[in-house]
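Hi,

Here is the structure I promised to pass on to you. Have a look at it first, and then read on for what turned up.

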Amino acid sequence: MAAASRAEPAVAAGDSCRQCHETRLEGVHAGLDCLSCHGAAGNLRRPADGPLAPGCQGCHADSAQIFQHAMATRAEEQAFCRRSWGQADAAFFQTNCLGCHVSSCHDCHGDDGHALRRPDNDSCLRCHNGYFVGWDYLGRAPREDHERYQRGPQAQGQHYLKMRPDVHAEAGLVCGDCHAMAGLQQGLRVSRTCRDCHTPAAAVIEHGIAAHLERLSCSSCHAAWSAQEYGTFYLKLGGSSNRQYFRVRPAGTDYVKSSYLRRQDGPLLGLNNQGLVSPIRPQFLAYYSEMRDNQPVGQENRLLAAEWKAYAPHSIRRGAPLCDACHGDARRFLLQPPERRIYRPDLDGLGLADFWHQQGQRLRNGTFFPQDRFDRLTRPSPAFVEGYVRKWQTLLPAAAASSKP
């Protein structure tokens, strides 16, 4: 008599994968079958990679826009490189600037594709560190590049200066509270602005001046400090043996990078592309030198671009500077007179008469503050005098109390 046949137990799709692969999913995807992400034939080796992320888009089609966002295309950065360092080295962007841009879902959701998680501050700070906005939110400012300054606390592999963090960071808000995924999917850079959460209190003297509320961005007064870099130097040394004497940070295989001066004081001001007074900073004053066989090739410290950018520092505090910080401070508007200069980049052959003067420089996403408008700021009106006196009347009692024995 023939032996009775036994039916093989049914194998759920994906269980056969686990006969060889011990990987287990964690988090929100823990209940998914392997083939849900790796395709019907299991032919997607890394389903979250690439601008289409085929293994993710089946469920997250609304996230496809992320790969058209500025974080992924980096169109502005590429355009800047073409008109600056790219003039001297056509491959500059490819060799120096590809490390920080979104090219995979893993970039924000974790390197381990089987333990995906929602992005947190650390996810954002993988790219938003150093001179780029993000570090300032946690009270970190980039240090000078020379090795003598490479000391103190570190984050993202870099040393930093400890500054006052943003008041929102102290309150426990994370990046996603203002830069929500829904907004990023729509191509927005910010989902929630200051006035979506805050109504300017009329009792605050500065808020009682209509021009402040109508013509200034909130960060013009409430940004406590701004990381500023004056002169960003890339030196292409290649295989020159004297590279050992440049005791600054390496940048890729062929380059070292340094800066002329870094500051961490109150932000300078210009007009953003909405016409509002806004913090601005150099981004970048781009200098280039090349050496071959230890000899300079062409002009040294060649100025390729002198561009500023209106932006929003993430260093917000409750207080604000006194009236004189704007009304009468020409340097803050890049209108510093020649007799007030301390640094002389022109004498160092750097192609600019003054870092803090508009001459020879440009603001890409707005305009520099006009001289005639600044002149009007320096002529006290009756309303200004009244507000100035009221401000000091609020400060003097507190100062007197603090000086009592």
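Glu 307 stands opposite Arg 362 in strand 11. That strand covers residues 362-363 and runs parallel to strand 10, with two bridges joining them. Strands here are DSSP runs of E with at least two residues, helices are runs of H or I with at least four, and both are numbered from the N terminus. Two strands count as paired if DSSP finds at least two bridges between them.

Before going further: this is a predicted model, where local features need pLDDT of at least 70 and side-chain atom pairs count only at pLDDT 80 or more, while totals for chains, interfaces and linings use all residues. Residues are numbered from 1 along each chain as its sequence is written, and side-chain values use heavy atoms, with hydrogens and water left out.

Back to the strands. Strand 10 (residues 302-310) also pairs with strand 8 (residues 277-292), this time antiparallel and through seven bridges. Arg 281 stands opposite Lys 309 of strand 10.

Strand 8 has something else to look at: Phe 284 lies in it, and a cis peptide bond joins Gln 283 to Phe 284, with omega at about 10 degrees. Then check Asp 293, in the loop between strand 8 and strand 9 (295-296). Asp 293 is not a glycine, yet its phi is positive, at about 55 degrees.

There is also an open sheet of three strands in the order 1-3-2, with antiparallel pairing. Its edge strands are strand 1 and strand 2 (154-155), each of which pairs on one side only. Strand 2 is joined to strand 3 (residues 158-162) by two bridges, and Ala 155 has Gln 158 in strand 3 as its bridge partner.

What about salt bridges? The count is 18, taking a side-chain nitrogen of Lys or Arg within 4 Å of a carboxyl oxygen of Asp or Glu. One to find is Arg 249 with Asp 145, at 3.8 Å from N to O. Arg 249 sits in strand 5 (residues 249-251) and Asp 145 in the loop between strand 1 and strand 2, so this pair ties together parts that are 104 residues apart in sequence.

The search ran on a 1 Å grid over the protein atoms alone: a cavity is a set of points where a 1.4 Å probe fits but cannot get out, a pocket is an open set with protein on both sides within 12 Å along at least five of seven lines, and lining residues have an atom within 4 Å of a point. Grid points are joined across faces, edges and corners, and a volume is the space filled by probe spheres set on the points.

One cavity of 30 Å³ or more came up. The largest cavity has a volume of about 40 Å³, and its lining includes Tyr 131, Trp 135, Asp 136 and Arg 281. Strand 1 (residues 140-142) gives the most to that lining, with three residues.

The second largest pocket holds about 810 Å³. Of the 35 residues lining it, Ile 209, Ala 211, His 212, His 327 and Leu 377 are the closest to its centre. Helix 15 gives the most to this lining, with seven residues, while helix 12 (210-215) and helix 14 (371-377) are among those that each supply at least two.

Leu 322, Trp 392, Leu 395 and Leu 396 make a nonpolar surface patch of about 330 Å². Leu 396 is in helix 15 (residues 382-402). Patch residues have over 30% relative accessible area and no salt bridge; like charges are joined within 9 Å and nonpolar side chains (Val, Leu, Ile, Met, Phe, Trp, Tyr) within 5 Å. Accessible areas come from the Shrake-Rupley method with a 1.4 Å probe, and for residues only the protein chains shown count as cover.

Cheers
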